[in-house]
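Me: I'd like to learn how to read a few features from a model. Can we take them one at a time?

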Amino acid sequence: METIVQMLARELDQSAQHVQNVVDLLDEGNTIPFIARYRKELHGSMDDTTLRTLEERLQYLRSLEKRREEVRSAIEAQGKLTEALSAAIASAVTLAEVEDLYRPYKPKRRTRATVARERGLEPLAELLFAQGPDCPDPLAAAAAYVDPEKGVETLADALQGASDIIAETISDDAAIRKSLRELVLKRGQLVSKAATEEDTVYRLYYDFAQSIPRLQGHQILAINRGEREGALKAVVVTDRDQALPLLRRAVVRPGTRAMEFMKAVAEDAYDRLLYPSLEREVRNTLTDQASEGAIHNFALNLRPLLMQPPVKGRVTMGLDPGYRMGCKVAVVDATGKVLDTTVVYPTHGERKKAECIAVLADLIRRHGVACIAIGNGTASRETEQMTVELLRQVGGGVSYMIVSEAGASVYSASPLAAEEFPEYDVNLRSAVSIARRLQDPLAELVKIDPKAIGVGQYQHDMPGKRLDEALGNVVEDCVNSVGVDVNTASPSLLQRVAGLTAATAKNLVKYREENGPFTARKQILKVPKLGPKAFEQCAGFLRVPESGAVLDNTAVHPESYQAAGKLLERTGHTMEDVAGRRLGDLEAQIRALGAEELAAACGVGVPTLLDVARELQKPGRDPRDELPPPILRTDVLEIKDLQPGMVLTGTVRNVIDFGVFVDIGVHQDGLVHISQISEKFLKHPSEALAVGDVVKVKVLEVDEKKKRISLSIKQAT
């Protein structure tokens, strides 16, 4: 029988040895980022996505094995475990199959079949169900079981009781359930109708029918939500005339005296027990699949959002727009430290607007502001127009960008923000967050619950634990791929580093505050509760710019420092060459000397040697710097300025099942339908685009009244 490791190797198309190594590493308490980056020789250079998939499947298969044992033990305790049943349980490949096999033996609530058994009708049911050659006519067989004392008053009562027992037996049959389930999934339809006469956002589904194989995840989730809100009523519909012959072939023997009786029982089992149960199962399966798809899509959007290129080294002004409460302003220096705050009122008439421009112009000149980040919420358009006038007055050198403020209010009202900015009120904290989002999106967004960031769809309908786990994995992978400055990172950022927890992250910050900046990686071992195992996991992801050792500010793990020294020695370089970036193409030099021989001489594998070489060539590199920079604007465009045929540059803000939303600088994002993304057929927009991508788009249609903009990418090229 195939082992879990063999199954994983087959599913992931990896060698069994590499899979076994990953399983061992996970069981030893190693984190996915550490395994992905620093144990490449052991797993054959699988990427973090493959490793996450392996980890999830490993957990599922182990849960499946555990459930198999529980079911086997429960049936054995009843004295009903046969060799055939034990083999069927052992070969079940999903939890649903295991539960189907356990169903006949599972303790049940009191049913019609239970009552019939109590009345002594089980032998009659078994006789009729067997449909043997000596089986009498059902009425004749039932005569022996009429017993008023047991509640069986008539022949009809006896046959009804036998029918109830047989119907439940049929309903509990694993093979029958499996074949009918497959039929429903293949041939069934999800049909929804209006449950209200009101016009709602669910009107698309007031008269909707789609075959189950062609259903889209967003349709399933929309119908589910519409049902919960009382706007829709939905059912799974399957052709009964296709299902019943399948069921009859399984339970009715032609030519026997009990044939007509069994046909009627099969229909009763289907209508009363099987189909209602299977409909619930199928709806749950569809919801689970749609939820997994939505979670995957959310994670897919979150990664590029977190990995947006930072606008480094610039003093930045954050504007949190508003009407009644005014526009909150925060100026932060190049490191994110708050320099100044104020509140202005650009929407309170021309005089107040002029005052606002004067105040902000003074702040720009006084602090040397180079960028302005404007939140995209209420009053954003008016604030953007004011900003353009402001930039004209200050005369060049300053640009602005509309920044998503999703989750900013959640953060600003959180205990974390109160701890970070006790001297500022909630509104000003939000302005600081908006400014920092432009400077370093990753460092700022990790402070916010990923669900509040606003990429994806139906996130509030997802299983909370599963969504948190998936998004947490994305955040962890992003943080560790970029690396973290141990002397400036917040506890929120540090706790996402492999091997660190919320407690050890706080201890690290406290140690830094009490003892001054870290000047060497090995100092991290002095942090309370941060032991050798945690250090092994986190060390390579923590950068120490203040260290005199150049390797402490790279992704080279301390365990590979000796190998890095030998590599430099063999290629005729020194650490001074690394600091001065005078190595040239080190990878080419490695290939010329023979990668395998050189790796062996350095005591590491080839993948690790090449990783070390890349870090030595660009010490302290940020992978986000290699991405296209964000679009910074100096002028405003309004929806009324748009005309069909215009070609503009925009940034992808959200990727969903049916298209992408693109920010073209008019406050209202435009929709590029999936059919307008590429000449090639796309199953999903994520095959071509990701959040943060800079694209050229052609305006197809503008509905100013409904604030809808239709765009095309394929027609813009």
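Me: Which residues does E281 touch, not counting residues up to four places away in sequence?

Reply: First, note that this is a predicted model. Contact here means heavy atoms within 4.5 Å. E281 touches R177 and R181 once those sequence neighbours are set aside.

Me: Where is E281 found?

Reply: In helix α15, which covers residues 259–306.

Me: Why does E281 count as partly exposed?

Reply: Partly exposed lies between the buried limit of under 20% and the exposed limit of over 50%. E281 has 22% relative accessibility, so it counts as partly exposed.

Me: What about disulfides?

Reply: A disulfide is a covalent bond between the sulfur atoms of two cysteines. The test is a pair of cysteine sulfur atoms within 2.5 Å. By this rule the count is zero. Take C371: its nearest cysteine sulfur belongs to C327, 17 Å away, and C371 is in no disulfide.

Me: Is C371 buried or exposed?

Reply: Buried, because its relative accessibility is 0%. C602 is buried too, because its relative accessible area is 5%.

Me: Which residues make the nonpolar surface patch of about 220 Å²?

Reply: Patch residues need over 30% relative accessible area. L139, V146 and L155 make this one. L155 has 34% relative accessibility, so it counts as partly exposed. L155 sits in helix α11, residues 155–171.

Definitions and conventions: Residues are numbered from 1 along each chain as its sequence is written. This is a predicted model: local features need pLDDT of at least 70, side-chain atom pairs count only at pLDDT 80 or more; totals for chains, interfaces and linings use all residues. Side-chain values use heavy atoms; hydrogens and water are left out. Patches are made of residues with over 30% relative accessible area and no salt bridge: like charges are joined within 9 Å, nonpolar side chains (Val, Leu, Ile, Met, Phe, Trp, Tyr) within 5 Å. Accessible areas come from the Shrake-Rupley method with a 1.4 Å probe; for residues, only the protein chains shown count as cover. A salt bridge is a side-chain nitrogen of Lys or Arg within 4 Å of a carboxyl oxygen of Asp or Glu. Helices (H or I, at least four residues) and strands (E, at least two) are DSSP runs, numbered from the N terminus. Buried means under 20% relative accessible area, exposed over 50%, partly exposed in between (1.4 Å probe, protein chains only).
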